[in-house]
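Let's take a walk through this protein together, with the sequence and the model side by side.

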Amino acid sequence: MGQPSRPSPSPLVQPTPSHNDIEKGSKRPRHKSKIPPPPPPKPWKPWFTPLVFVANTSVFIYTMYVNDCPHTSGTSKCILYEYLGRYSFQRFKENPLLGPSYITLKTLGGLDWTQVVEEKEYWRLFSCMWLHAGLVHLLINMLSLLGLGIRLEHEFGFVRIGPLYMISGFGGSLTSVLSLARKSIVSVGASGALFGLLGSMLSELITNWSNYTNKCSALSTMLLIICLNLAIGFLPRVDNSAHIGGFVSGLLAGFVLLMRPQYGYISSKHVPEGYQIKHKVAKHQVHQYVLFGISLVLLITG
């Protein structure tokens, strides 16, 4: 999805006469001057998103190493044993996503209701974000990560996107473990964090509304993508509670972390010497502060 275009602010300004002009009574040429538009923000170099990609891939390889299907299940019950050996997959009947066994995922930190709630193993709320049920699961999530994460990190940098990713992942895990339907299922994957990135794109569009030209088109496209992705959560074996929790967490975090100056605002450092801004525009609008405050309170208390 292409990013909606944004106009470059260039309010009319009037240069102030110098001291020499006033003394000599010289007249300034009568013409309207414009402040040159501020330079476009330099895009951030993404490194958090590639790092998460490498971490998830490495953890999956380690998971398959620990799983050791030939040793635990027998070579006849492993898929692609001839080519992958120890890293071969469990049979489709046990794991249709080409991955390890249920026991391996649970041992390495999968989100299990009993162990989190009754055994107080709260670290699983974070560890499950780095595990994947299978190769198919990993590929889908990593493609989504690169598509969403790099775009956001280019624009806002790792300082904002890193915390947003972790908050969304934690929110998805928390919602999943609070769902009574998850008591007998181990939940894994970065889907909660990825839906958080999707939610943050919506909140970024809303809070920075004045910066967009094709507002209705951008909003309708974004809502369509969100609805399609949430609909996937109703398929069998998919943890939609984590998707919803991650989406809501990312939506709120986006209002806090992705707020930008409104259209028309020019920082004083971009105003040439001797010029005065005729109509000064406030840095942020009232609704941005309101959404920031409400979202921050909900994130802290929720």
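Start at Cys 69, which is buried, with a relative accessible area of 0%. Keep in mind as you look around that this is a predicted model. The partner of Cys 69 is Cys 78, and the two are joined by a disulfide with an S to S distance of 2.1 Å. Cys 78 is buried as well, because its relative accessible area of 10% falls under the 20% cut-off. If you look along the S-S bond of Cys 69 and Cys 78, the torsion is about -100°, so this disulfide is left-handed. The structure holds one disulfide.

The largest nonpolar core has 32 residues, and Tyr 165 and Leu 197 are the ones that touch the most other members. Several helices contribute to this core: H2 (48-67), H8 (135-156), H9 (158-178), H10 (191-207), H11 (215-232) and H12 (240-257) each supply at least two residues. The top contributor is H10, which gives seven residues.

Leaving out residues up to four places away in sequence, Tyr 165 touches Phe 48, Val 52, Asn 56, Met 129, Trp 130, Leu 145, Ala 190, Ala 193, Leu 194 and Leu 197.

Notes
Residues are numbered from 1 along each chain as its sequence is written. This is a predicted model: local features need pLDDT of at least 70, side-chain atom pairs count only at pLDDT 80 or more; totals for chains, interfaces and linings use all residues. Side-chain values use heavy atoms; hydrogens and water are left out. A nonpolar core is a set of buried Ala, Val, Leu, Ile, Met, Phe, Trp, Tyr and Cys residues joined through side-chain atoms within 4.5 Å. Buried means under 20% relative accessible area, exposed over 50%, partly exposed in between (1.4 Å probe, protein chains only). Helices (H or I, at least four residues) and strands (E, at least two) are DSSP runs, numbered from the N terminus. Contact means heavy atoms within 4.5 Å. A disulfide is a pair of cysteine sulfur atoms within 2.5 Å.
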